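Keep the 3D view open as you read.

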Amino acid sequence: MNKNKIALSKSNGLRGEITVPGDKSITHRSVIFGSIADGVTRVKGYLSGEDNLRTINAFQMMGVDIVIDGDELTIKGVGLNGLKEPDDVIYAGNSGTTARLMLGLLSAQNFFSALTGDKYLRRRPMKRIVAPLSQFGAKFSGRKGATLLPISVSPGEISPIKYDMNIASAQLKSALMLAGLYSNGENIITEPSLSRDHTENMLRAMGVAVKSEGTTVTFDAGQTPRALDINVPGDISSAAFFIVAATIIKGSELMIKNVGINPTRRGIIDIMLSMGADLTLENTRKESGEDVADIVVRSSDLTAIDIGGDVIPKAIDEFPIIALAAAMAKGTTVVRDAAELRVKESDRIATTAENLRKLGVEIVEHEDGMEITRTKQLTGCGDLESYGDHRIAMMLCIAAQVAETPCVINDIECINTSFPGFFEILKSTRK
Ligand code: S3P
């Protein structure tokens, strides 16, 4: 069979102890802040997914010495003003985080740069980054008024950033914060609802004074981060596939070790608990400024709930797999306030709905969400399509574990963007 598709069939339960790869967001930030820090940053347990390799490559292109050795990265920081002009276009691949955070950082450098991505990323909106940064002195040009990649960046003088964001986006917040580090005064950034705060946590751990009050962050420009030894916890967004899998596949019991449970990321845990999941957190602890735990999940019946408001950004990457959980829950689950799902690696409302409908699930789409109604069993799938979206591909692989008929999932190579080793873990846990 073509290696970009897979046939999977029903499972009798997942059992055992697993660890998932390192957190994607924390790995990106380790590389970015380690590169502009003073001193040598060591990053243990970094994610070697393709998205993160793009960020590493971008900084190598700007003269940063980054050595990859097993599961450890060593980054020789060049300080706030030590990056060099890259002599080619930076390629962000499929990685929205690389593209958007880099646009923030590049906008404040004294050299020219250009950035592009794969065919999916070239469709994703960049106006949310380009428009506010331009107000504060950044100079972009690019396709469709620099709202789509490729985008080039000319040297700009960034004035202190005082900005009220109209979307809860950690990518936007972090891009503004990166540019703000190079402004010449106090930066004040407010978001409508709290998005993941790894940027704030890492900067603080690196000695940068960043104040967080409610949904506002305040910090002075010109502070150089200090190098840090970082232990990256397992990515809760990867663990989410196994949390839902062990819940919906009868006869399962999984222990997922060393998972980051930062309060701004643990929406999946709260949502699954509200739906009736049998899930416990053990051995909770702090690692490099982040909350970490081992998660024990056993199969259980689920009940539909309404999901909306402040929990949405805390579970923003989990909605494909939450939709599958909802498809197995009694009643109709309603997801609202989640229009951001339309502009992820794919339009996740459309791609989730189309695939789950093929499996017999009833789904009503809304511009900002969906209503998902349980079917007795998932059945009757033709080929399922990831549309190049890693999280859709993994959700479908889990759906196949509970479907009555075997499923073929197309276009699965994209899983490597965030979860290398996904199939090995799945195989090792099947009874
Ligand atoms: C990320 C932020 C989220 C998330 C993405 C990673 C980050 O995007 O979807 O996978 O690392 O900052 P938004 O902040 O734009 O919602």
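## Ground rules

This is a predicted model, so to speak of local features pLDDT must be at least 70, side-chain atom pairs count only at pLDDT 80 or more, and totals for chains, interfaces and linings use all residues. Numbering starts from 1 along each chain as its sequence is written, and side-chain values use heavy atoms, with hydrogens and water left out.

## The largest pocket

The largest pocket holds about 490 Å³ of space. A pocket here is an open set of points on a 1 Å grid over the protein atoms alone, with protein on both sides within 12 Å along at least five of seven lines, and lining residues have an atom within 4 Å of a point. Grid points are joined across faces, edges and corners, and the volume is the space filled by probe spheres set on them. There are 34 lining residues, with Ala 168, Ser 169, Ile 316, Glu 340 and Lys 344 closest to the centre.

Helices H1 (24–35), H3 (96–106), H6 (170–180) and H10 (311–314) each give two or more residues to this lining. Helices (H or I, at least four residues) and strands (E, at least two) are DSSP runs, numbered from the N terminus. Domain 1 (5–22 + 233–429) and domain 2 (24–231) each contribute at least three residues; the bounds come from an automatic or database domain assignment. By class, the lining splits into 16 charged, 10 polar and 8 nonpolar residues. Nonpolar covers Ala, Val, Leu, Ile, Met, Phe, Trp, Tyr, Cys and Pro; charged covers Asp, Glu, Lys and Arg; the others, Gly among them, are polar.

## The ligand

Which residues surround the ligand? They are Lys 24, Ser 25, Arg 29, Thr 97, Ser 169, Ala 170, Gln 171, Arg 196, Ile 316, Asp 317 and Lys 344, each with a heavy atom within 4 Å of it.

Polar contacts (pairs of N or O atoms within 3.5 Å) include two made through side chains. A polar side-chain atom of Ser 25 sits 2.7 Å from a ligand oxygen atom, and one of Arg 29 sits 2.6 Å from a ligand oxygen atom. Ala 170 uses its backbone instead, placing an N or O atom 2.6 Å from an oxygen atom of the ligand. Taken alone, the ligand exposes 380 Å², and the protein buries 96% of that (areas by the Shrake-Rupley method with a 1.4 Å probe).

## The second largest pocket

This pocket has a volume of about 360 Å³. Of its 17 lining residues, Ile 248, Lys 250, Met 328, Lys 376 and Val 402 lie nearest the centre. Helix H8 (236–248) and helix H13 (390–402) each supply at least two lining residues. The classes come to 5 nonpolar, 6 polar and 6 charged.

How many cavities of 30 Å³ or more does the structure hold? It has 2, a cavity being a set of points where a 1.4 Å probe fits but cannot get out. The largest has about 60 Å³ of space, and helix H7 (residues 198–205) gives the most to its lining, with 4 residues. That lining has 5 nonpolar, 3 polar and 1 charged residues.

The second largest cavity has a volume of about 30 Å³. Its lining includes Asp 23, Pro 233 and Arg 265, and divides into 3 nonpolar, 3 polar and 3 charged residues.

Most residues other than glycine have a negative phi, and most peptide bonds are trans. Leu 149 and Pro 150 are joined by a cis peptide bond, with omega about -5°; Pro 150 is in strand E9 (residues 148–154). Asp 337 has a positive phi, near 65°, and lies in the loop between strand E19 (332–335) and helix H12 (348–358).

Conventions: A polar contact is a pair of N or O atoms within 3.5 Å; within protein, one must be able to donate a hydrogen and the other to accept it, and residues adjacent in sequence count only if both atoms are side-chain atoms.
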